[in-house]
Each structure stands twice: as C-alpha cells, then as structure tokens.
Amino acid sequence: MKTNFKKELLIAKKGGYAIPAFNFDNMEMLKGIIEAAEEKKSPVILMVTESAALYMGVDYVFSLGRKAVELSSVPVILHWDHGFDIDLIKRAIDSGFDSVMLDSSAKPFAINVEETKKVVEYAHKHGVCVESEIGHVGGKEDDRESNSQQYTNIKDAIEFNKQTNVDALAIAAGTAHGIYKTKPDLQFKLIEDIVESMETPIVLHGSSGVPLIDLKKAIKLGITKINIGTDLKVANANAVREWLVTNKDGYDARKFGKAAIDAVKLAAIEKIVAFNSQDKANNR
Ligand SMILES: [Zn+2]
C-alpha cells in the first residue's frame with residue numbers, strides 16, 4: 001500500500017526501528033523483497049538506481065514498482081535511489097515515485113545545496129519526498145567507483161538541512177558502497193550528534209556487509225533508513241549459480257528464478273528482523 005516517506009521515517013524514529021531500503025535489479029529481486037516485507041509485516045522502501053532502471057527499461061520499472069506498491073499488504077515506498085540526472089529524477093516524480101534521492105554529494109557544498117533545492121522544489125510541488133546526501137559515501141555506487149570517503153561534517157549537515165528543507169539526509173559515517181575491502185568503521189559519535197542536531201530523518205547508505213550489531217547500534221542512535229543493495233545482489237547471484245551448477249541440464253527460468261526469489265527473501269528477512277521493523281506495518 002502507498003504511504004508517505006517522511007511520515008514513515010518519523011514513525012520509525014519514535015518506534016526505535018529503521019525501515020529497510022532494498023535495491024532491486026529485476027523482477028525476482030522485487031518479488032523476494034515484497035514477500036519478505038509481507039511475511040514479516042514490515043514497511044519497506046523499494047529502491048531503483050538509475051542504472052537498474054536503464055537496464056530494465058525506465059517504463060517497465062515504473063510499472064513494476066507502482067504495481068508492487070498497489071498490490072502489497074504492507075506500506076511500500078517506491079524510491080528513486082542515487083539520482084545523478086535531474087531530468088530522470090523528474091521523470092520518476094512524474095511517474096508516481098513516492099520519494100527520490102539526489103546525489104550531488106561529490107560536488108562542492110554550494111552546488112549540492114543549489115541542486116538539492118531545485119529537486120526539493122519540484123518534488124514537493126508534486127507531493128514527493130526528497131533525500132539528499134552530505135559528506136561523501138565512497139565505494140562502488142551504481143556503477144560509479146569512488147575511492148574518496150569523506151565523513152559528514154556536522155556543521156555542514158545542519159546548514160545543508162536548513163537551506164534545502166530535505167525530507168531525509170544521507171550521511172557519510174564510516175560505511176561504503178559495494179563489497180567491503182577493509183572492515184567498516186562506523187562513527188557512532190558522529191551519527192549520534194547529527195541525529196540529535198535535527199528533526200530530519202538520517203539515512204545510512206552502504207550498509208551491506210556491515211555487522212548487524214553495528215547497524216542495530218546505529219538504529220538505537222536514531223538512524224531510520226538503512227540502504228541494502230549488495231547483500232541482495234549476492235543472494236540473488238549465488239542462488240542462480242547454485243541452481244545452474246546443481247541442475248546441469250536445467251533451462252527453465254521459472255525454476256532458477258524461484259530459487260533467486262527465495263534467496264533474496266531470506267536475505268531481506270534477516271535485515272528486517274535486525275532493523276526491528278517486523279510487525280510495524282500497522283504501527284500508525
Ligand atoms: Zn547509496
């Protein structure tokens with residue numbers, strides 16, 4: 001069912017849980033995510049990146065995403081993840097996305113502010129929420145590689161929030177996108193200070209591969225949206241690989257597809273339980 005991004009995040013903050021935000025790259029991943037959320041009665045954020053949308057076809061993705069929102073028995077937020085292209089972001093807004101993220105975090109502060117304000121103005125006019133990022137979460141994000149990792153500066157975060165009126169703010173606090181090459185080192189004090197400095201919900205990106213105990217600690221400090229992409233990609237790929245290796249003569253896409261759905265569902269359930277969002281679908 002349809003719901004409001006910011007409203008859900010504020011409810012989560014009060015309730016001491018985080019809403020899992022999962023990326024999907026194909027229909028099997030989408031089905032695994034929705035089945036997990038429905039089984040665990042959890043609200044969920046269903047995310048598409050630009051490159052995933054271009055892979056599936058922008059119009060197919062819009063239709064699939066909207067159907068998932070409409071047919072699901074739990075609150076589902078359809079979210080445009082890591083938008084770099086403002087025209088595509090506007091297209092997502094026009095086509096019924098509930099929230100969009102603009103990622104201008106690699107650009108200078110003033111430009112990040114200016115571009116975010118532009119997106120906020122357009123989105124709010126259409127009743128759509130906006131997430132933006134301050135500081136820079138490095139790693140591999142949506143086919144873009146970035147080796148720089150710049151922790152969010154708290155003064156910048158406060159100023160950015162004030163100037164842009166965003167609905168959620170992604171911060172760089174020790175996580176990275178993609179597969180971790182070194183151990184993630186979460187900056188808990190920084191997370192705590194930023195959460196306490198504003199009403200605006202705070203988001204953690206690059207959370208695949210981060211020990212669940214660390215994510216739980218971040219939720220206790222007030223993180224309300226946690227992005228998971230890679231962990232579901234890995235679950236999906238491993239399931240297909242295993243099925244094909246086991247069934248040497250197998251060729252039925254529905255069979256290895258089902259294995260993928262089940263594996264993604266299992267991986268999603270693990271996060272839902274850890275984020276404490278299970279049984280929160282009717283928490284309003
Ligand atoms: Zn991200």
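Two residues are in contact if their C-beta atoms, placed from the backbone, lie within 7 Å. Helices (H or I, at least four residues) and strands (E, at least two) are DSSP runs, numbered from the N terminus. Welcome to this structure, which is a predicted model: local features need pLDDT of at least 70, side-chain atom pairs count only at pLDDT 80 or more, and totals for chains, interfaces and linings use all residues. Residues are numbered from 1 along each chain as its sequence is written. The eight strands E1-E2-E3-E4-E5-E8-E9-E10 form a closed barrel with parallel pairing.

**The barrel**

- Axes here are lines fitted to C-alpha atoms, for helices over the stretch in contact, and angles run from 0 to 180 degrees between N-to-C directions.
- Two strands pair if DSSP finds at least two bridges between them. Strand E5 (residues 129-134) and strand E8 (residues 168-171) pair in the parallel sense over four bridges.
- Along that pairing, Glu131 has Ala168 of E8 as its bridge partner, and Glu133 stands opposite Ala170 in E8.
- E8 is also joined to E9 by three bridges, and the two run parallel. Here the bridge partner of Ile171 is Leu204 in E9.
- Strand E9 (residues 202-204) in turn pairs with E10 in the parallel sense over three bridges. Leu204 has Ile226 of E10 as its bridge partner.
- Strand E1 (residues 19-23) and E10 run parallel and are joined by four bridges. Phe22 has Ile228 in E10 as its partner there.

**Covered strands**

- A residue is buried if 20 or more other C-beta atoms lie within 10 Å of its own, exposed if 12 or fewer, and partly exposed in between, with C-beta atoms placed from the backbone.
- Strand E10 (residues 223-228) is mostly covered, with six of its six residues buried.
- E8 is covered on both faces: Ala168 and Ala170 on one side are buried, and so are Leu169 and Ile171 on the other. In a regular strand the side chains alternate between the two faces of the sheet.

**Links from strand to helix to strand**

- E8, helix H8 (residues 188-197) and E9 make a right-handed β-α-β unit. A crossover is right-handed if, with the strands pointing away from the viewer, the path from the first strand over the helix to the second runs clockwise.
- A right-handed β-α-β unit is also made by E9, helix H9 (residues 212-220) and E10.

**Helix H7 and its surroundings**

- Helix H7 (residues 154-164) lies across E5 and E8 and runs at about 150° to E5.
- H7 packs with helix H6 (residues 109-125) at an angle of about 35°, with their axes 9 Å apart. Phe109, Val113, Thr116, Lys117 and Val120 of H6 make the contact with Asp156, Phe160, Gln163 and Thr164 of H7.
- Ile154 has its place in helix H7. Ile154 counts as partly exposed because it has 17 C-beta neighbours inside 10 Å.
- Leaving aside neighbours within four places in sequence, Ile154 is in contact with Asp193, Ile194 and Ser197. Ile154 and Ile194 are 40 residues apart in sequence and 6.0 Å apart in space, C-alpha to C-alpha.

**The nonpolar core**

- A nonpolar core is a set of buried Ala, Val, Leu, Ile, Met, Phe, Trp, Tyr and Cys residues joined through C-beta atoms within 7 Å.
- The largest such core has 88 residues, of which Phe22, Ile33, Leu46, Val100 and Val264 touch the most other members. Helix H11 (residues 253-274) supplies the largest share of this core, nine residues.
- Apart from neighbours within four places in sequence, Val264 is in contact with Glu28, Met29, Gly32, Ile33, Leu232, Ala235 and Asn236.

**Two residues with positive phi**

- Most residues other than glycine have a negative phi.
- Asn165, in the loop between H7 and E8, has a positive phi near 60° although it is a residue other than glycine. Asn165 is partly exposed because 13 other C-beta atoms lie within 10 Å.
- Asp279 is found in the segment after H11, and Asp279 has a positive phi of about 60° without being a glycine. With 12 C-beta neighbours inside 10 Å, Asp279 counts as exposed.
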